[in-house]
Amino acid sequence: MASFDQKLRTLYLMEILLERTDDEHMLNASELCTILDQEYGISTDRRTIYTEMEILEKFGLDIQQKKGKIPRHTGQNAITEGDLECILTKLL
(Lines give C-alpha, C1' and ligand atoms only; values in the text may rest on other atoms or scores of the structure.)
Protein backbone atom coordinates (compact mmCIF):
# COMPACT_ATOMS: atom_id res chain seq x y z
CA MET A 1 0.00 0.00 0.00
CA ALA A 2 2.94 2.37 0.61
CA SER A 3 3.90 2.54 -3.08
CA PHE A 4 0.28 3.28 -3.99
CA ASP A 5 0.24 6.12 -1.43
CA GLN A 6 3.46 7.45 -2.98
CA LYS A 7 1.81 7.63 -6.39
CA LEU A 8 -1.24 9.30 -4.91
CA ARG A 9 0.96 11.76 -2.99
CA THR A 10 2.22 13.22 -6.27
CA LEU A 11 -1.32 13.59 -7.59
CA TYR A 12 -2.61 15.08 -4.36
CA LEU A 13 0.24 17.60 -4.38
CA MET A 14 -0.65 18.56 -7.94
CA GLU A 15 -4.29 18.98 -6.94
CA ILE A 16 -3.34 21.09 -3.90
CA LEU A 17 -1.09 23.33 -6.00
CA LEU A 18 -3.69 23.77 -8.74
CA GLU A 19 -6.55 24.51 -6.36
CA ARG A 20 -4.90 26.43 -3.53
CA THR A 21 -1.93 28.35 -4.90
CA ASP A 22 -1.32 31.25 -7.24
CA ASP A 23 0.78 34.42 -7.29
CA GLU A 24 -0.92 35.68 -4.14
CA HIS A 25 -1.47 32.41 -2.26
CA MET A 26 1.58 30.29 -1.63
CA LEU A 27 2.31 27.22 0.49
CA ASN A 28 5.65 26.15 1.87
CA ALA A 29 6.83 22.54 2.09
CA SER A 30 5.85 22.20 5.75
CA GLU A 31 2.32 23.38 5.00
CA LEU A 32 2.08 20.90 2.12
CA CYS A 33 3.22 18.11 4.47
CA THR A 34 0.53 19.10 6.96
CA ILE A 35 -2.21 19.15 4.30
CA LEU A 36 -1.17 15.74 2.99
CA ASP A 37 -1.18 14.29 6.49
CA GLN A 38 -4.38 15.88 7.81
CA GLU A 39 -6.55 15.71 4.69
CA TYR A 40 -5.24 12.63 2.89
CA GLY A 41 -3.61 10.57 5.65
CA ILE A 42 -0.23 10.54 3.87
CA SER A 43 2.73 11.47 6.03
CA THR A 44 5.84 12.78 4.30
CA ASP A 45 8.80 15.04 4.98
CA ARG A 46 9.86 18.33 3.44
CA ARG A 47 12.68 16.80 1.36
CA THR A 48 10.17 14.54 -0.34
CA ILE A 49 8.02 17.55 -1.20
CA TYR A 50 10.91 19.08 -3.15
CA THR A 51 11.43 15.81 -5.04
CA GLU A 52 7.73 15.73 -5.85
CA MET A 53 7.91 19.32 -7.13
CA GLU A 54 10.67 18.25 -9.53
CA ILE A 55 8.50 15.37 -10.77
CA LEU A 56 5.56 17.72 -11.34
CA GLU A 57 7.78 20.21 -13.16
CA LYS A 58 9.09 17.46 -15.45
CA PHE A 59 5.47 16.44 -16.04
CA GLY A 60 4.83 19.97 -17.31
CA LEU A 61 3.29 21.80 -14.38
CA ASP A 62 4.64 25.34 -14.14
CA ILE A 63 5.87 25.60 -10.55
CA GLN A 64 7.80 28.54 -9.15
CA GLN A 65 9.90 27.96 -6.06
CA LYS A 66 11.78 30.38 -3.89
CA LYS A 67 14.71 28.72 -2.22
CA GLY A 68 13.47 26.59 0.62
CA LYS A 69 10.11 28.15 1.03
CA ILE A 70 7.48 28.70 -1.62
CA PRO A 71 6.34 26.07 -4.07
CA ARG A 72 3.36 27.35 -6.03
CA HIS A 73 1.59 26.84 -9.30
CA THR A 74 1.63 29.87 -11.60
CA GLY A 75 -1.51 29.01 -13.53
CA GLN A 76 0.32 28.39 -16.79
CA ASN A 77 0.26 24.95 -18.39
CA ALA A 78 -2.80 24.22 -16.27
CA ILE A 79 -4.10 20.70 -16.14
CA THR A 80 -7.85 20.51 -16.42
CA GLU A 81 -10.12 18.50 -14.17
CA GLY A 82 -10.62 16.12 -17.11
CA ASP A 83 -6.85 15.62 -17.39
CA LEU A 84 -6.67 14.83 -13.69
CA GLU A 85 -9.52 12.33 -13.96
CA CYS A 86 -7.76 10.63 -16.87
CA ILE A 87 -4.52 10.36 -14.89
CA LEU A 88 -6.33 8.92 -11.87
CA THR A 89 -8.21 6.42 -14.05
CA LYS A 90 -4.93 5.14 -15.53
CA LEU A 91 -3.39 4.77 -12.06
CA LEU A 92 -6.33 2.88 -10.63
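Visitor: Leaving aside its neighbours within four places in sequence, which residues is Arg-9 in contact with?

Guide: Contact means heavy atoms within 4.5 Å. By that criterion, and with neighbours within four places in sequence set aside, Arg-9 is in contact with Leu-36, Ile-42, Thr-44, Thr-48 and Glu-52. A word on the source: this is a predicted model, in which local features need pLDDT of at least 70, side-chain atom pairs count only at pLDDT 80 or more, and totals for chains, interfaces and linings use all residues. Residues are numbered from 1 along each chain as its sequence is written, and side-chain values use heavy atoms, with hydrogens and water left out.

Visitor: Is Arg-9 buried or exposed?

Guide: Buried means under 20% relative accessible area, exposed over 50%, and partly exposed in between (1.4 Å probe, protein chains only). Arg-9, which is found in helix H1, has a relative accessible area of 12% and is therefore buried. Its side chain makes a polar contact with the side chain of Glu-52 (2.9 Å). A polar contact is a pair of N or O atoms within 3.5 Å; within protein, one must be able to donate a hydrogen and the other to accept it, and residues adjacent in sequence count only if both atoms are side-chain atoms.

Visitor: How many helices and strands does the protein have?

Guide: Helices (H or I, at least four residues) and strands (E, at least two) are DSSP runs, numbered from the N terminus. The protein has 4 helices and 2 strands, in the order α-α-α-β-β-α along the sequence.

Visitor: Which residues of H3 are buried?

Guide: An α-helix has 3.6 residues a turn, so residues three or four places apart point the same way. In H3 the buried residues are Ile-49, Tyr-50, Glu-52, Met-53 and Leu-56. Seen down the axis of H3, they fall within an arc of 160°, so they line one face of the helix; the arc is that of the directions from the helix axis to the C-beta atoms. Arg-47 and Lys-58, on the other side of H3, are exposed.

Visitor: What is found at the start of H3, and what follows the helix?

Guide: At its start, a side-chain oxygen of Asp-45 reaches to within 3.1 Å of the backbone nitrogen of Arg-47. After H3 comes Gly-60, with a positive phi near 120°.

Visitor: Which residues of H2 are buried?

Guide: They are Ala-29, Leu-32, Cys-33, Ile-35 and Leu-36. Viewed down the axis of H2, these buried residues lie within an arc of 160°, so they line one face of the helix. At the start of H2, a side-chain oxygen of Asn-28 comes to within 3.1 Å of the backbone nitrogen of Ser-30, and H2 is followed by Gly-41, whose phi is positive, near 70°.

Visitor: Which residues touch the most other members of the largest nonpolar core?

Guide: A nonpolar core is a set of buried Ala, Val, Leu, Ile, Met, Phe, Trp, Tyr and Cys residues joined through side-chain atoms within 4.5 Å. The largest one has 19 residues, of which Leu-13, Leu-32, Ile-49, Met-53 and Leu-56 touch the most other members. Helix H1 (2-20), H2 and helix H3 (46-59) each supply at least two residues of this core, and the largest share, 6 residues, comes from H1.

Visitor: With which side chain does the side chain of Tyr-40 make a polar contact?

Guide: The partner is the side chain of Glu-15 (3.0 Å). Tyr-40 lies in helix H2 and is partly exposed, with a relative accessible area of 24%.
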